[in-house]
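Please look over the sequence and the three-dimensional model shown here before reading on.

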Amino acid sequence: MQLYLYNTLTRKKEAFKPIEDKKVGLYTCGPTVYNFAHIGNLRTFIFEDILKRALLYNGYRVKHIMNITDVGHLTGDRDMGEDKMEKGAQREGKTAWEIAESYTRAFKQDMTHLNIMEPSLWCKATDSIPEQIELIKTLEEKGFTYNISDGIYFDTSKFEGYTKLSSQNLEALQEGARVEKNPEKRNATDFALWKFSPDGVKRQMEWDSPWGVGFPGWHIECSAMSMKFLRDQLDIHCGGVDHIDVHHTNEIAQSEAATGKKFFNFWMHGAFLIISGGKKMAKSEGNFLTLDSTFIQNGIEPLVYRFATYQTHYRKPMEYSEEAVQAARNGLEHLRNQVRSLMSKGMVDTASVNDEYKQKFIKRLNDDLNMPRALASVQEALKSDMDDSEKLATVLDFDRVLGLDLEKVTVSEELPENIQQKIDARKKARAEKNWVLSDQLRDEIQALGYVVQDVKDGMTVFKK
Ligand code: AMP
Ligand code: ZN
(Lines give C-alpha, C1' and ligand atoms only; values in the text may rest on other atoms or scores of the structure.)
(Ligands and ions follow the chains in the order given, each with its own letter.)
Protein backbone atom coordinates (compact mmCIF):
# COMPACT_ATOMS: atom_id res chain seq x y z
CA MET A 1 0.00 0.00 0.00
CA GLN A 2 1.30 3.44 -0.87
CA LEU A 3 2.87 5.44 1.96
CA TYR A 4 1.99 9.15 2.04
CA LEU A 5 4.14 11.61 4.00
CA TYR A 6 3.84 15.34 4.51
CA ASN A 7 6.84 17.04 2.96
CA THR A 8 7.66 20.43 4.51
CA LEU A 9 9.53 21.33 1.33
CA THR A 10 6.50 21.06 -0.95
CA ARG A 11 3.96 21.81 1.78
CA LYS A 12 1.83 18.82 0.88
CA LYS A 13 1.25 15.18 1.56
CA GLU A 14 3.10 13.25 -1.11
CA ALA A 15 3.36 9.64 -2.20
CA PHE A 16 6.70 8.54 -0.80
CA LYS A 17 9.15 7.13 -3.28
CA PRO A 18 12.78 6.52 -2.39
CA ILE A 19 15.60 7.28 -4.81
CA GLU A 20 16.49 3.59 -4.97
CA ASP A 21 13.78 0.99 -4.96
CA LYS A 22 12.96 -0.34 -1.46
CA LYS A 23 15.99 1.31 0.15
CA VAL A 24 15.61 4.45 2.24
CA GLY A 25 18.30 6.81 3.50
CA LEU A 26 17.05 8.54 6.65
CA TYR A 27 18.88 11.28 8.54
CA THR A 28 17.49 12.50 11.84
CA CYS A 29 19.10 15.46 13.59
CA GLY A 30 20.22 14.14 16.96
CA PRO A 31 20.54 15.73 20.37
CA THR A 32 22.81 18.54 21.47
CA VAL A 33 24.45 16.83 24.42
CA TYR A 34 24.97 19.62 26.96
CA ASN A 35 22.05 18.56 29.14
CA PHE A 36 19.44 15.82 29.45
CA ALA A 37 16.94 15.48 26.63
CA HIS A 38 13.53 16.72 27.75
CA ILE A 39 10.31 14.94 26.97
CA GLY A 40 9.67 17.47 24.17
CA ASN A 41 12.87 16.40 22.43
CA LEU A 42 11.85 12.82 23.04
CA ARG A 43 8.48 13.41 21.39
CA THR A 44 10.36 14.26 18.19
CA PHE A 45 12.56 11.17 18.51
CA ILE A 46 9.48 8.98 19.04
CA PHE A 47 7.86 10.45 15.91
CA GLU A 48 11.03 9.68 13.95
CA ASP A 49 11.03 6.15 15.35
CA ILE A 50 7.45 5.67 14.17
CA LEU A 51 8.48 6.92 10.75
CA LYS A 52 11.32 4.39 10.65
CA ARG A 53 9.11 1.56 11.89
CA ALA A 54 6.47 2.49 9.33
CA LEU A 55 9.07 2.33 6.56
CA LEU A 56 10.21 -1.10 7.79
CA TYR A 57 6.58 -2.27 8.10
CA ASN A 58 6.08 -1.23 4.49
CA GLY A 59 8.96 -3.47 3.47
CA TYR A 60 11.70 -0.87 3.02
CA ARG A 61 15.24 -1.34 4.18
CA VAL A 62 16.29 1.74 6.11
CA LYS A 63 19.75 3.17 6.52
CA HIS A 64 19.32 5.53 9.44
CA ILE A 65 21.96 8.02 10.53
CA MET A 66 21.69 10.05 13.72
CA ASN A 67 24.23 12.64 14.71
CA ILE A 68 25.29 13.77 18.14
CA THR A 69 25.91 17.52 18.30
CA ASP A 70 28.87 17.73 20.64
CA VAL A 71 30.32 21.01 19.37
CA GLY A 72 29.38 24.24 17.67
CA HIS A 73 25.78 24.80 18.74
CA LEU A 74 25.72 28.30 20.18
CA THR A 75 23.09 29.52 22.63
CA GLY A 76 21.64 31.79 19.93
CA ASP A 77 20.55 30.05 16.73
CA ARG A 78 22.05 32.88 14.65
CA ASP A 79 25.66 32.20 15.67
CA MET A 80 25.67 34.57 18.60
CA GLY A 81 26.15 33.70 22.26
CA GLU A 82 28.17 31.02 23.95
CA ASP A 83 28.93 27.47 22.90
CA LYS A 84 26.35 25.25 24.59
CA MET A 85 28.88 22.53 25.33
CA GLU A 86 31.45 24.79 26.93
CA LYS A 87 28.68 26.47 28.91
CA GLY A 88 27.43 23.06 30.13
CA ALA A 89 30.99 22.15 31.10
CA GLN A 90 31.35 25.33 33.17
CA ARG A 91 28.02 24.69 34.87
CA GLU A 92 29.06 21.23 35.98
CA GLY A 93 32.76 21.72 36.54
CA LYS A 94 33.65 19.08 33.95
CA THR A 95 35.29 19.16 30.54
CA ALA A 96 33.20 19.64 27.43
CA TRP A 97 34.24 16.12 26.37
CA GLU A 98 33.01 14.64 29.64
CA ILE A 99 29.73 16.52 29.36
CA ALA A 100 29.22 15.23 25.83
CA GLU A 101 29.93 11.68 26.86
CA SER A 102 27.70 11.61 29.91
CA TYR A 103 24.68 13.22 28.20
CA THR A 104 25.10 11.00 25.16
CA ARG A 105 24.92 8.03 27.49
CA ALA A 106 21.84 9.45 29.20
CA PHE A 107 20.20 10.05 25.82
CA LYS A 108 20.83 6.49 24.67
CA GLN A 109 19.32 5.24 27.90
CA ASP A 110 16.18 7.33 27.26
CA MET A 111 15.98 5.78 23.82
CA THR A 112 16.18 2.28 25.26
CA HIS A 113 13.49 3.08 27.83
CA LEU A 114 11.22 4.33 25.08
CA ASN A 115 11.90 1.44 22.72
CA ILE A 116 13.33 3.81 20.13
CA MET A 117 15.31 1.75 17.65
CA GLU A 118 19.03 2.43 17.40
CA PRO A 119 20.12 4.14 14.20
CA SER A 120 22.20 2.13 11.76
CA LEU A 121 24.99 4.52 12.61
CA TRP A 122 25.68 7.16 15.26
CA CYS A 123 27.99 9.99 14.29
CA LYS A 124 29.50 12.64 16.49
CA ALA A 125 30.21 16.06 15.01
CA THR A 126 33.69 15.98 16.53
CA ASP A 127 34.49 12.77 14.63
CA SER A 128 33.93 14.39 11.24
CA ILE A 129 35.80 17.68 11.47
CA PRO A 130 37.94 16.99 8.32
CA GLU A 131 34.80 16.40 6.22
CA GLN A 132 33.28 19.64 7.50
CA ILE A 133 36.45 21.54 6.64
CA GLU A 134 36.42 20.01 3.13
CA LEU A 135 32.84 21.13 2.59
CA ILE A 136 33.67 24.68 3.69
CA LYS A 137 36.66 24.65 1.31
CA THR A 138 34.36 23.70 -1.57
CA LEU A 139 31.99 26.52 -0.65
CA GLU A 140 34.92 28.91 -0.52
CA GLU A 141 36.15 27.80 -3.96
CA LYS A 142 32.66 28.35 -5.36
CA GLY A 143 32.50 31.86 -3.93
CA PHE A 144 29.78 31.40 -1.32
CA THR A 145 31.81 32.42 1.73
CA TYR A 146 33.38 35.50 3.26
CA ASN A 147 35.70 36.04 6.15
CA ILE A 148 34.96 38.39 9.07
CA SER A 149 36.65 38.90 12.42
CA ASP A 150 34.96 36.01 14.23
CA GLY A 151 34.74 33.42 11.45
CA ILE A 152 33.94 32.26 7.93
CA TYR A 153 30.34 32.91 6.90
CA PHE A 154 27.99 31.67 4.21
CA ASP A 155 26.56 34.46 2.07
CA THR A 156 22.88 33.55 1.85
CA SER A 157 22.18 36.19 -0.79
CA LYS A 158 24.24 34.12 -3.24
CA PHE A 159 22.03 31.09 -2.87
CA GLU A 160 18.84 31.33 -4.82
CA GLY A 161 15.88 29.79 -3.06
CA TYR A 162 17.19 30.29 0.46
CA THR A 163 13.64 30.36 1.84
CA LYS A 164 12.27 27.41 -0.13
CA LEU A 165 11.89 25.24 2.97
CA SER A 166 10.70 27.88 5.41
CA SER A 167 8.84 30.18 2.98
CA GLN A 168 9.83 33.02 5.27
CA ASN A 169 9.63 36.59 4.09
CA LEU A 170 13.29 37.41 3.65
CA GLU A 171 12.85 41.18 3.87
CA ALA A 172 10.89 40.96 7.11
CA LEU A 173 13.49 38.58 8.40
CA GLN A 174 16.33 40.99 7.61
CA GLU A 175 14.45 43.76 9.31
CA GLY A 176 13.54 41.68 12.37
CA ALA A 177 17.02 40.29 12.80
CA ARG A 178 18.65 43.72 12.80
CA VAL A 179 18.70 43.89 16.58
CA GLU A 180 20.84 40.81 17.02
CA LYS A 181 22.72 41.22 13.78
CA ASN A 182 26.44 40.97 13.85
CA PRO A 183 27.38 44.29 12.17
CA GLU A 184 30.05 42.60 10.06
CA LYS A 185 27.59 40.15 8.50
CA ARG A 186 26.46 41.03 4.98
CA ASN A 187 22.93 39.71 5.51
CA ALA A 188 21.05 38.94 8.70
CA THR A 189 20.50 35.36 7.56
CA ASP A 190 24.19 34.65 6.84
CA PHE A 191 25.56 31.97 9.13
CA ALA A 192 28.90 30.78 10.42
CA LEU A 193 30.60 27.84 8.75
CA TRP A 194 33.73 28.11 10.89
CA LYS A 195 34.17 30.20 14.03
CA PHE A 196 37.58 31.33 15.23
CA SER A 197 38.65 30.64 18.78
CA PRO A 198 38.69 34.09 20.42
CA ASP A 199 42.14 35.70 20.72
CA GLY A 200 44.01 34.61 23.80
CA VAL A 201 41.37 32.03 24.73
CA LYS A 202 42.13 28.33 24.61
CA ARG A 203 38.86 26.56 23.97
CA GLN A 204 38.39 22.97 25.11
CA MET A 205 37.20 21.96 21.67
CA GLU A 206 39.13 23.54 18.83
CA TRP A 207 40.88 22.41 15.68
CA ASP A 208 43.31 23.70 13.10
CA SER A 209 41.84 24.72 9.79
CA PRO A 210 42.99 26.57 6.66
CA TRP A 211 41.37 29.69 8.19
CA GLY A 212 42.82 29.44 11.68
CA VAL A 213 42.15 27.59 14.91
CA GLY A 214 38.49 27.33 15.73
CA PHE A 215 35.43 25.11 15.54
CA PRO A 216 32.69 24.38 13.02
CA GLY A 217 29.36 26.20 12.89
CA TRP A 218 26.42 24.09 13.98
CA HIS A 219 24.75 23.48 10.59
CA ILE A 220 27.74 22.21 8.65
CA GLU A 221 27.98 18.95 10.63
CA CYS A 222 24.64 17.62 9.40
CA SER A 223 25.44 18.43 5.76
CA ALA A 224 28.89 16.87 5.93
CA MET A 225 27.82 13.77 7.81
CA SER A 226 24.65 13.03 5.85
CA MET A 227 26.63 13.18 2.61
CA LYS A 228 29.50 11.17 4.10
CA PHE A 229 27.34 8.33 5.38
CA LEU A 230 24.31 8.32 3.09
CA ARG A 231 26.14 9.38 -0.09
CA ASP A 232 23.44 9.71 -2.73
CA GLN A 233 20.73 8.06 -0.66
CA LEU A 234 19.31 11.37 0.53
CA ASP A 235 15.67 10.40 0.95
CA ILE A 236 14.30 11.78 4.23
CA HIS A 237 15.70 14.32 6.69
CA CYS A 238 13.87 15.03 9.96
CA GLY A 239 13.83 17.12 13.07
CA GLY A 240 11.53 19.26 15.15
CA VAL A 241 9.67 22.25 13.64
CA ASP A 242 12.16 24.66 15.22
CA HIS A 243 14.73 23.39 12.73
CA ILE A 244 12.79 24.58 9.70
CA ASP A 245 13.70 28.28 9.69
CA VAL A 246 17.38 28.15 10.53
CA HIS A 247 19.12 24.79 10.86
CA HIS A 248 17.52 22.92 7.97
CA THR A 249 17.26 26.01 5.80
CA ASN A 250 20.99 26.55 6.23
CA GLU A 251 21.79 22.88 5.68
CA ILE A 252 19.97 23.00 2.34
CA ALA A 253 21.67 26.23 1.28
CA GLN A 254 25.23 25.12 2.01
CA SER A 255 24.77 21.57 0.69
CA GLU A 256 23.10 22.52 -2.57
CA ALA A 257 25.56 25.39 -3.08
CA ALA A 258 28.44 22.94 -2.68
CA THR A 259 27.15 20.03 -4.78
CA GLY A 260 24.79 21.74 -7.23
CA LYS A 261 22.38 18.87 -6.50
CA LYS A 262 19.16 18.56 -4.54
CA PHE A 263 19.79 17.84 -0.87
CA PHE A 264 17.14 15.39 0.41
CA ASN A 265 13.78 14.88 -1.25
CA PHE A 266 11.63 14.73 1.87
CA TRP A 267 11.82 17.02 4.90
CA MET A 268 9.66 16.05 7.84
CA HIS A 269 9.16 17.93 11.09
CA GLY A 270 7.56 17.03 14.39
CA ALA A 271 5.47 19.64 16.21
CA PHE A 272 6.30 20.77 19.72
CA LEU A 273 5.42 19.40 23.05
CA ILE A 274 4.02 22.41 24.87
CA ILE A 275 3.27 23.11 28.47
CA SER A 276 0.07 24.71 29.70
CA GLY A 277 -0.23 28.24 28.38
CA GLY A 278 1.14 27.12 25.02
CA LYS A 279 4.81 27.58 25.83
CA LYS A 280 7.30 25.33 24.06
CA MET A 281 9.27 23.03 26.32
CA ALA A 282 12.90 24.07 25.86
CA LYS A 283 16.27 23.14 27.30
CA SER A 284 17.28 26.78 27.32
CA GLU A 285 14.32 27.62 29.61
CA GLY A 286 15.97 25.39 32.22
CA ASN A 287 12.61 24.22 33.64
CA PHE A 288 12.02 21.22 31.47
CA LEU A 289 10.79 17.74 32.30
CA THR A 290 12.93 14.68 31.72
CA LEU A 291 11.86 11.09 31.31
CA ASP A 292 13.67 10.21 34.50
CA SER A 293 12.26 12.93 36.74
CA THR A 294 8.74 12.86 35.37
CA PHE A 295 8.19 9.18 34.75
CA ILE A 296 10.77 6.78 36.13
CA GLN A 297 11.19 8.44 39.51
CA ASN A 298 7.43 8.53 39.95
CA GLY A 299 7.11 4.83 39.24
CA ILE A 300 5.54 5.40 35.82
CA GLU A 301 7.04 3.28 33.11
CA PRO A 302 8.50 5.25 30.19
CA LEU A 303 6.40 3.42 27.59
CA VAL A 304 3.41 5.29 29.01
CA TYR A 305 4.94 8.42 27.48
CA ARG A 306 5.46 6.67 24.16
CA PHE A 307 1.79 5.64 24.24
CA ALA A 308 0.72 9.17 25.26
CA THR A 309 2.33 10.67 22.17
CA TYR A 310 0.14 8.48 19.94
CA GLN A 311 -2.93 10.45 20.99
CA THR A 312 -1.83 13.48 18.93
CA HIS A 313 -0.78 13.54 15.30
CA TYR A 314 2.93 14.35 15.04
CA ARG A 315 2.26 17.59 13.13
CA LYS A 316 0.02 18.98 15.85
CA PRO A 317 1.32 20.50 19.08
CA MET A 318 0.82 18.21 22.03
CA GLU A 319 0.09 19.67 25.44
CA TYR A 320 1.71 17.96 28.38
CA SER A 321 -0.42 17.45 31.48
CA GLU A 322 -0.54 15.03 34.37
CA GLU A 323 -4.09 14.13 33.35
CA ALA A 324 -2.88 13.15 29.88
CA VAL A 325 -0.21 10.95 31.45
CA GLN A 326 -2.77 9.31 33.72
CA ALA A 327 -5.08 8.69 30.76
CA ALA A 328 -2.19 7.14 28.82
CA ARG A 329 -1.30 4.99 31.81
CA ASN A 330 -4.84 3.66 31.95
CA GLY A 331 -4.98 3.23 28.17
CA LEU A 332 -1.77 1.23 28.03
CA GLU A 333 -2.77 -0.91 30.98
CA HIS A 334 -6.12 -1.62 29.34
CA LEU A 335 -4.39 -2.66 26.11
CA ARG A 336 -1.99 -4.89 28.04
CA ASN A 337 -4.89 -6.51 29.89
CA GLN A 338 -6.59 -7.23 26.59
CA VAL A 339 -3.41 -8.87 25.28
CA ARG A 340 -2.86 -10.72 28.55
CA SER A 341 -6.34 -12.10 28.44
CA LEU A 342 -5.82 -13.33 24.87
CA MET A 343 -2.52 -14.90 25.86
CA SER A 344 -4.11 -16.67 28.78
CA LYS A 345 -6.30 -18.53 26.34
CA GLY A 346 -3.19 -20.02 24.77
CA MET A 347 -1.83 -18.92 21.47
CA VAL A 348 -1.72 -21.13 18.45
CA ASP A 349 1.71 -20.72 16.90
CA THR A 350 0.37 -20.99 13.40
CA ALA A 351 -2.25 -18.23 13.76
CA SER A 352 -1.91 -15.71 11.01
CA VAL A 353 -2.40 -11.97 10.92
CA ASN A 354 -5.85 -10.90 9.79
CA ASP A 355 -5.42 -9.24 6.44
CA GLU A 356 -8.52 -7.06 6.57
CA TYR A 357 -7.51 -5.44 9.84
CA LYS A 358 -3.89 -5.20 8.81
CA GLN A 359 -4.97 -3.28 5.71
CA LYS A 360 -7.00 -0.90 7.86
CA PHE A 361 -4.10 -0.35 10.22
CA ILE A 362 -1.56 0.23 7.49
CA LYS A 363 -3.87 2.55 5.57
CA ARG A 364 -4.08 4.85 8.57
CA LEU A 365 -0.40 4.55 9.34
CA ASN A 366 0.45 5.30 5.72
CA ASP A 367 -1.72 8.39 5.82
CA ASP A 368 1.17 10.53 7.07
CA LEU A 369 1.64 8.39 10.20
CA ASN A 370 -1.80 8.95 11.63
CA MET A 371 -1.18 7.27 14.98
CA PRO A 372 -4.42 8.33 16.70
CA ARG A 373 -6.33 6.52 13.96
CA ALA A 374 -3.91 3.60 13.77
CA LEU A 375 -4.38 3.12 17.48
CA ALA A 376 -8.13 3.07 16.94
CA SER A 377 -7.69 0.16 14.53
CA VAL A 378 -5.94 -1.79 17.26
CA GLN A 379 -9.08 -1.53 19.38
CA GLU A 380 -11.27 -2.34 16.38
CA ALA A 381 -9.27 -5.53 15.83
CA LEU A 382 -9.48 -6.45 19.49
CA LYS A 383 -13.24 -5.94 19.53
CA SER A 384 -13.84 -7.78 16.27
CA ASP A 385 -15.21 -11.28 16.00
CA MET A 386 -12.05 -12.92 14.68
CA ASP A 387 -10.81 -15.82 16.76
CA ASP A 388 -8.55 -15.17 19.71
CA SER A 389 -5.33 -16.56 18.26
CA GLU A 390 -5.75 -14.53 15.09
CA LYS A 391 -6.56 -11.44 17.14
CA LEU A 392 -3.42 -11.87 19.20
CA ALA A 393 -1.24 -12.49 16.14
CA THR A 394 -2.71 -9.39 14.49
CA VAL A 395 -2.17 -7.09 17.46
CA LEU A 396 1.36 -8.36 18.02
CA ASP A 397 2.05 -7.65 14.37
CA PHE A 398 0.82 -4.04 14.84
CA ASP A 399 3.21 -3.77 17.77
CA ARG A 400 6.11 -3.88 15.31
CA VAL A 401 5.08 -0.28 14.68
CA LEU A 402 3.64 0.62 18.09
CA GLY A 403 6.75 -0.56 19.92
CA LEU A 404 4.86 -1.14 23.17
CA ASP A 405 6.42 -4.49 24.00
CA LEU A 406 3.03 -6.18 23.95
CA GLU A 407 4.71 -9.51 23.36
CA LYS A 408 6.46 -9.24 26.70
CA VAL A 409 3.25 -8.79 28.67
CA THR A 410 3.37 -11.05 31.69
CA VAL A 411 1.31 -11.57 34.76
CA SER A 412 4.42 -11.94 36.85
CA GLU A 413 3.23 -9.52 39.56
CA GLU A 414 0.50 -11.94 40.44
CA LEU A 415 2.60 -15.09 40.35
CA PRO A 416 3.14 -17.08 43.56
CA GLU A 417 6.66 -17.13 44.89
CA ASN A 418 7.43 -20.76 44.00
CA ILE A 419 6.51 -20.10 40.37
CA GLN A 420 8.53 -16.89 40.28
CA GLN A 421 11.57 -18.78 41.61
CA LYS A 422 11.25 -21.35 38.87
CA ILE A 423 10.91 -18.61 36.26
CA ASP A 424 14.06 -16.91 37.52
CA ALA A 425 15.92 -20.23 37.50
CA ARG A 426 14.69 -20.89 33.97
CA LYS A 427 15.80 -17.44 32.78
CA LYS A 428 19.25 -18.18 34.19
CA ALA A 429 19.32 -21.62 32.57
CA ARG A 430 18.40 -20.09 29.21
CA ALA A 431 21.04 -17.39 29.53
CA GLU A 432 23.54 -20.19 30.14
CA LYS A 433 22.11 -22.14 27.20
CA ASN A 434 21.26 -25.04 29.51
CA TRP A 435 18.30 -26.21 27.44
CA VAL A 436 17.78 -29.46 29.35
CA LEU A 437 17.29 -27.60 32.62
CA SER A 438 15.20 -24.95 30.88
CA ASP A 439 12.82 -27.61 29.50
CA GLN A 440 12.66 -29.36 32.83
CA LEU A 441 11.71 -26.12 34.61
CA ARG A 442 9.09 -25.32 31.96
CA ASP A 443 7.50 -28.73 32.56
CA GLU A 444 7.55 -28.15 36.31
CA ILE A 445 5.89 -24.73 35.95
CA GLN A 446 3.27 -26.17 33.62
CA ALA A 447 2.61 -29.07 35.99
CA LEU A 448 1.74 -26.44 38.59
CA GLY A 449 -0.96 -25.03 36.33
CA TYR A 450 0.83 -22.23 34.41
CA VAL A 451 1.46 -21.72 30.71
CA VAL A 452 4.99 -20.83 29.62
CA GLN A 453 5.59 -19.18 26.27
CA ASP A 454 8.97 -18.21 24.93
CA VAL A 455 8.86 -14.92 23.07
CA LYS A 456 11.54 -12.73 21.61
CA ASP A 457 13.79 -11.48 24.46
CA GLY A 458 11.97 -13.28 27.23
CA MET A 459 9.03 -15.44 28.23
CA THR A 460 5.45 -14.95 29.25
CA VAL A 461 3.94 -16.98 32.04
CA PHE A 462 0.30 -17.01 33.05
CA LYS A 463 -2.22 -19.18 34.81
CA LYS A 464 -3.99 -21.75 32.64
P1 AMP B 1 18.30 19.55 20.59
O2 AMP B 1 18.89 18.52 21.50
O3 AMP B 1 17.96 20.82 21.30
O4 AMP B 1 19.16 19.78 19.38
O5 AMP B 1 16.89 18.99 20.09
C6 AMP B 1 16.67 17.66 19.70
C7 AMP B 1 15.38 17.56 18.88
O8 AMP B 1 14.24 17.95 19.67
C9 AMP B 1 15.35 18.48 17.66
O10 AMP B 1 14.83 17.75 16.56
C11 AMP B 1 14.42 19.60 18.07
O12 AMP B 1 13.79 20.17 16.95
C13 AMP B 1 13.43 18.86 18.94
N14 AMP B 1 12.70 19.70 19.93
C15 AMP B 1 13.18 20.73 20.67
N16 AMP B 1 12.22 21.22 21.51
C17 AMP B 1 11.10 20.47 21.30
C18 AMP B 1 9.77 20.45 21.86
N19 AMP B 1 9.39 21.27 22.82
N20 AMP B 1 8.89 19.54 21.38
C21 AMP B 1 9.25 18.65 20.41
N22 AMP B 1 10.49 18.61 19.86
C23 AMP B 1 11.42 19.50 20.29
ZN1 ZN C 1 20.98 18.68 12.05
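Accessible areas come from the Shrake-Rupley method with a 1.4 Å probe, and for residues only the protein chains shown count as cover. On that basis the protein exposes about 20700 Å², of which carbon and sulfur atoms supply 49%. This is a predicted model, in which local features need pLDDT of at least 70 and side-chain atom pairs count only at pLDDT 80 or more, while totals for chains, interfaces and linings use all residues. Residues are numbered from 1 along each chain as its sequence is written, chains are lettered from A and ligands numbered from 1 in the order in which they are written, and side-chain values use heavy atoms, with hydrogens and water left out.

**Overall build**

- The secondary structure of the protein comes to 15 helices and 16 strands, where helices (H or I, at least four residues) and strands (E, at least two) are DSSP runs numbered from the N terminus.
- The radius of gyration of the protein is 25 Å, close to the 23 Å that the globule rule gives for 464 residues, so the protein is as compact as a globular protein of that length; the radius is taken over C-alpha atoms, and the rule is 2.2 Å times the number of residues to the power 0.38.
- Taken along the principal axes, the box that the C-alpha atoms of the protein fill is roughly 80 × 50 × 45 Å.
- Of the 464 residues in the protein, 55% are buried, with buried meaning under 20% relative accessible area, exposed over 50%, and partly exposed in between (1.4 Å probe, protein chains only).
- Among contacts in the protein with a separation of 6 or more, 75% are accounted for by residues 24 or more positions apart, a contact meaning heavy atoms within 4.5 Å.

- Cys29 lies in the loop between β3 (23–28) and α1 (39–57), and His247 in helix α7 (residues 244–259), so the pair ties together parts that are 218 residues apart in sequence.
- Both Cys29 and His247 are buried.

- Ala351 sits in the loop between α10 (322–344) and α11 (355–365), and its relative accessibility of 21% makes it partly exposed.
- Not counting residues up to four places away in sequence, Ala351 touches Ser389, Glu390 and Ala393.
- Thr394, found in helix α13 (residues 388–402), is buried with a relative accessible area of 0%.
- With residues up to four places away in sequence not counted, Thr394 touches Ser352, Val353, Asn354, Tyr357 and Met386.
- Arg336 belongs to helix α10 and counts as buried at 10% relative accessibility; leaving aside its neighbours within four places in sequence, Arg336 is in contact with Glu301, Leu303, Leu404, Leu406 and Val409.

**An exposed loop residue**

- Gly260 lies in the loop between α7 and β11 (266–270) and is exposed, with a relative accessible area of 65%.
- From C-alpha to C-alpha, Gly260 and Gly212 are 27 Å apart in space, and they are 48 residues apart in sequence.
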